[in-house]
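Dear colleague,

Please find below the sequence and the structure that I am handing over to you. My findings follow directly after them.

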Amino acid sequence: MSGPDYPIEIIEEGKVKLAVPRMSDYLRPDGVYEPAHAPVFYNPKAKFNRDVAVAMGAALKERLGRLEVLEPLAGSGVRSLRYAVEAGADKVLAVDADPKAVELIKYNIRLNKLEDKVKVLLAEANAVLHSRELRGGYYDLVDVDPFGSPMPFADGAIRAARRRGLVAFTATDTAPLTGARPQSALRKYGASVRRTPFSKEVAIRVLIAALVRVAAVREVALKPEAAFFKDYYVRAHLTVERGARRVEEALSQLGYLFYRPDYSVEVVRGYPLPERVPEGTALGPLWLGPLTGPLAKRAAELVGGEVKRFLEHLIEEDSVGVPYSYKVERVASILKVNMPSPKLVVEELRAAGYKALLAHYDHTSVKTDAPAEEVFKVVKKLSPRP
Ligand SMILES: C[S@@+](CC[C@H](N)C(=O)[O-])C[C@H]1O[C@@H](n2cnc3c(N)ncnc32)[C@H](O)[C@@H]1O
């Protein structure tokens, strides 16, 4: 089987075999593989992202009794192939604008004997997303996994998705989303974002709020089914529904947080901002609703291992119903005491009858429905003596 004109290696990810550029040829000076330097992009570190995607895809297939997937930025094709093999997709269209990527995807399709199910197209993502003719109809799942921000592809993805289907987005531009680059956040996400001790949760909620507003323009309502922050990216899977009433419902879940240096956080529901606002740093618009839905619950039932535990954890976080967390180190520093074990803080809050668990995005932060005063009391009580 003739293949690319650069050295490749055959690896396995999930249940597929995959030809990728020989990774040992693209090491940084510190010896770490740098996927951006390879002729075609394959990042082994994003395997977990794809594991969750495939689990959500399997749950969607069960719900719809059918699964047709469009991946407009496909790279090596690994995700598209995994949708076909592991999520039972009936049809997948993998698109990439780079001829080298398309060549490798074709090679990988043959390697896995998936010629009947997976098709590939050399084209610009937005051209395909916005042209029904090019993409050949509508899709149950549109998975946007680009370099950086997914916002340039948001409207197109929503356009290409069927009602009751899913759109999924990866955002690796965590600097704007976490408030490290506020001006960039304003440009890309139309949101006011500043650094806070719970920046990663803000990042998830900024991304969803921006997507919900883009969808609203087309009278489409997006609802998170599983959204999270992991490693170096934010990921959101959202169901697509149509109709003005549903859009209004989605928009009613937007709002703002006002963060003050003493860690008192005020939640202001509603979008746009009301005329009178509390003191503090404004963060938003943010999605203030749940980050998971029934599809995440079903996906967690269908899979095992780390993905199952992770999805179950997300679902439990949602049951707390508070859109931010307490970074124990910061609370301790405000109190000028030593930092206690975040796990012990969780146990103490639970013993007092509150919901509490560590945040999925930071195992030194506590998500709880306890009032701030109670969290401060517990941190002080458990703080180790110097
Ligand atoms: C992050 S990689 C994709 C990784 C892949 N989704 C995965 O799960 O391994 C982004 C890919 O998008 C392609 N790309 C960048 N801009 C594009 C565009 N405007 N249209 C289509 N493909 C594009 C690049 O060639 C690259 O292969």
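The domain bounds used here come from an automatic or database domain assignment. On that basis, the protein, which is a predicted model, is divided into domain 1 (8-294) and domain 2 (326-386). The centres of the two domains, taken over C-alpha atoms, are 32 Å apart. Where they touch, domain 1 contributes nine residues and domain 2 contributes ten residues. On the side of domain 1, the elements that supply two or more residues are α9 (199-217) and β8 (220-230). That side consists of five nonpolar, one polar and three charged residues.

As to the overall form, the protein has 15 helices and 15 strands. Its radius of gyration is 22 Å, close to the 21 Å that the globule rule gives for 386 residues, so the protein is as compact as a globular protein of that length. Along the principal axes, the C-alpha atoms fill a box of roughly 65 × 50 × 40 Å.

The ligand is surrounded by 20 residues, and the closest are L73, G75, A97, A125 and D145. Two elements, α2 (78-86) and β4 (91-96), each give two or more residues to this shell. By class, the shell comprises twelve nonpolar, two polar and six charged residues.

A helix pair also deserves a description. Helix α13 (residues 328-335) packs against helix α15 (residues 372-382) at an angle of about 80 degrees, and their axes lie 10 Å apart. Because angles of 65 to 115 degrees count as roughly perpendicular, α13 is roughly perpendicular to α15. From α13, the residues V328, V331, A332 and L335 meet V375, F376, V379 and K380 of α15. This contact has seven nonpolar residues, one charged residue and no polar residues.

Finally, I would draw your attention to some details of the backbone. Y271 and P272 are joined by a cis peptide bond, with omega at about 0 degrees. P272 is located in the loop between β11 (265-269) and β12 (281-287). Another cis peptide bond runs from G284 to P285, with omega near 5 degrees, and P285 lies in strand β12. Y263, a residue other than glycine, has a positive phi near 70 degrees. The position of Y263 is in the loop between β10 (254-259) and β11.

Yours sincerely

Notes: Residues are numbered from 1 along each chain as its sequence is written. This is a predicted model: local features need pLDDT of at least 70, side-chain atom pairs count only at pLDDT 80 or more; totals for chains, interfaces and linings use all residues. A residue is near a molecule or strand if its C-beta atom, placed from the backbone, lies within 6 Å of it. Helices (H or I, at least four residues) and strands (E, at least two) are DSSP runs, numbered from the N terminus. Ala, Val, Leu, Ile, Met, Phe, Trp, Tyr, Cys and Pro count as nonpolar, Asp, Glu, Lys and Arg as charged, and the others, Gly among them, as polar. Two residues are in contact if their C-beta atoms, placed from the backbone, lie within 7 Å. Axes are lines fitted to C-alpha atoms, for helices over the stretch in contact, and angles run from 0 to 180 degrees between N-to-C directions. Angles under 35 degrees count as roughly parallel, over 145 as roughly antiparallel, 65 to 115 as roughly perpendicular and the rest as oblique. The radius of gyration is taken over C-alpha atoms; the globule rule is 2.2 Å times the number of residues to the power 0.38.
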